[in-house]
Amino acid sequence: MDKNTITGLLLIGAIIIGFSWLNQPTEAEIEAAKRKQDSIELLNTKKAEAEMERDAAAAITGNTEEVNTQNEVAQTTLDRNQTTDLDSLVKAKAVATYGDFADAASKEAREIVVESDLLKLYFNTKGGSLTKVILKEYNKYDGSPLVLFDSTATFNLDLYTKNKGTVYTKDLVFDTDIQDLRISGSDEKTVAFKLNAGADRYLEYVYKIKGDDYLVDYDVNLVGMDEVLDVRSGEIRVNWEINAPNQEKSLKSQREVTTIHYKYNSGDIDYLTETSDQSEKFDVPVKWISMKQQFFNATLIADDAFDNSDSKIETVTDEGSEDYVKTMSTAFSIPISGSKIESFGMSMFLGPNDYDLLSTYEIELEEIINLGWGIFGWVNMYAVIPVFDFLDGFDMSYGIIILILTIILKLVLMPITYKTYLSGAKMRVLKPEIAEINEKHKDDAMKKQQATMSLYRQTGVNPLSGCIPMLIQMPILIAMFRFFPASIQLRQESFLWADDLSSYDSIYDFPAGIDIPFYGDHISLFTVLMAISLAFYTKMNSSMTMGAAAEGPMAAQMKIMTYLMPVMMLFFFNNYSSGLSYYYFLANLISMGQTLLIRKVFINEDSIRAKIEKNKKRPAAKKKSGFQKRLEEMTKQQQAAAAKRKK
């Protein structure tokens, strides 16, 4: 027993004593335990006395059958008394916890299924809310019913009572006389759940469901609740949480687009970033809050606005879960005035991210679909989507629709493409003369630049004329990059070897455990074909359009890009929509065909050369363009800086 051992034992003893003191029961807990024990002892005493009376009766009468009957009656009486006493204890505890809502805390809950043409809705009287939603017209990637959200979802109102603190509706059982029902067509049925708090005092949820609509009307009514609730805060806090189920082939792709979108009552729309977990508060009241998944959403829409008091929205990703994509939660408030009767109106959209469908509700809910910002979104909204919908009306394979759409876009861009190749042809005609200038002024960059620009002015060639058409085409290329992954029409649509054009097409899955960083665990054939076609197109395009620039450092850079870009595309698109890779593959093939057609049929280099020679004979233009002036000024500045460094 050295000094350290003694010190350790003293500390352990002090911890045990402190723990015992901190955890000793309060006077109220001791009294409650004593009452419970006394009740149990009393019941046991009564039971023992009854058994003694039965034994005595058996000894006196000797009538076993009669004694057995008496025993059964006595036992039933004892059980009933014991149950009554226990029920009394439960009720007393419920009253102490829930006050006016005590009866609602002890009722049996039941499930009610309401089925429309589009939805299968599961309600539970405990909480009075939706616990599960199935979209009947869609399936998961494995063919099973598509669950928008399941019983892990919660919807709760925090009720601030006058006497018992905060009571949560998710813990209480609502009353309803509704049984399972079916709704078809334009019929509408009302499903009401009532949370009673005494005579003529209740909180009510009223759902109005149509047979042919994804929108469910939802009202919260308060009758006589001014006597129960503490209305000084002027609000009731709402908590809503959904665990987004895994519905598609790629869990990674779903996590990259699943998040919460919301619209401020002022009109602006915002969202939490998709690529990482985030938490925010509302700055001002909001019109709607949307739990947006890759192709579906659950949205709560206020008739007026949800209050931003004590608000919060949050996304959380459990990387270890294969069943759920993300947990999305929100908290906000609905206003109350303390009137005898008041109501707050809202609705719920429970359906697909279909741009045309969402647009019909005229609340800008279609903005949750990422079609690209600015001009890229406009191209999709006003050009790509209308053409795609038109072609979709002919009931063709979506692979054929994408082919026709690609051809239409390429035909529209044909004049721009022609201008690009014409500029390249002019540059090729001037290539010998530019090479001669480079050799003549190889030691003087400024004179070389001035001589080159003078040649361009004299021959009427604009070296940037090939770049501008390419810039004009960029919005369409980027718009298509956004359109295909967001198009629900491509979901689970097969074409050739691709079983789902909205997801990747795998022709080979790597063995379990092999996942190449930035590439994935499979090989997508459409991506491979797109990369190969890109390599050929880049090489063909550079040989036709670069002209004199295809020498020296520029030629080296173009050669690197010719091989680097296809490799980059292999990694970038391997896990993307196979419909997108298929579109780019078709676009590259058609572009190569256009290149050969323009070169062989529409562009005559001899004619171009003759025109350039004719331009040379005309007096040189004295006026310089703004671009030429800036280029020459920049060249002078660079030359002066180089001379200064040399000194």
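Contact is defined here as heavy atoms within 4.5 Å. The structure is a predicted model, in which local features need pLDDT of at least 70 and side-chain atom pairs count only at pLDDT 80 or more, while totals for chains, interfaces and linings use all residues. Residues are numbered from 1 along each chain as its sequence is written, and side-chain values use heavy atoms, with hydrogens and water left out.

Leaving aside neighbours within four places in sequence, threonine 406 is in contact with Tyr583, Leu586, Ala587 and Ile590. The C-alpha atoms of threonine 406 and alanine 587 are 6.4 Å apart in space, although the two residues are 181 apart in sequence. Threonine 406 lies in helix H8 (residues 398–412); helices (H or I, at least four residues) and strands (E, at least two) are DSSP runs, numbered from the N terminus. With a relative accessible area of 0%, threonine 406 is buried. Buried means under 20% relative accessible area, exposed over 50%, and partly exposed in between, with a 1.4 Å probe and protein chains only.

The protein chain as a whole has 17 helices and 20 strands. Of its 647 residues, 42% are buried. Among contacts with a separation of 6 or more, 67% are between residues 24 or more positions apart. The accessible surface of the protein chain comes to about 34,600 Å², and 56% of this belongs to carbon and sulfur atoms. Accessible areas come from the Shrake-Rupley method with a 1.4 Å probe; for residues, only the protein chains shown count as cover.

Strand S2 (residues 119–124) is mostly covered, with five of its six residues buried. Two strands pair if DSSP finds at least two bridges between them. Strand S1 (residues 111–115) runs antiparallel to S2 and is joined to it by five bridges, with valine 114 opposite leucine 121 in S2. These two strands form a hairpin with three residues between them. S2 is also joined to strand S3 (residues 129–139), again antiparallel, by six bridges, and tyrosine 122 stands opposite lysine 132 in S3. The hairpin of S2 and S3 has four residues between the strands, and glycine 127 in this hairpin takes a positive phi near 100°.

Most residues other than glycine have a negative phi. Aspartate 310, which is not a glycine, has a positive phi of about 55° and is found in strand S16 (residues 296–316). Glutamine 492 likewise has a positive phi, near 60°. This glutamine is found in the loop between helix H12 (467–486) and strand S19 (506–509), and its 32% relative accessibility makes it partly exposed.

The second largest pocket holds about 720 Å³ of space. On a 1 Å grid over the protein atoms alone, a pocket is an open set of points where a 1.4 Å probe fits, with protein on both sides within 12 Å along at least five of seven lines; lining residues have an atom within 4 Å of a point. The lining of this pocket consists of 28 residues, of which Ser253, Glu256, Val257, Pro485 and Tyr576 lie nearest the centre. Helix H5 (251–255), H12 and helix H14 (552–573) each supply at least two lining residues, and H12 gives the largest share, four residues. By class, the lining divides into 11 nonpolar, 10 polar and seven charged residues.

Key: Points joined across faces, edges and corners; volume = space filled by probe spheres on them. Nonpolar A, V, L, I, M, F, W, Y, C, P; charged D, E, K, R; others polar.
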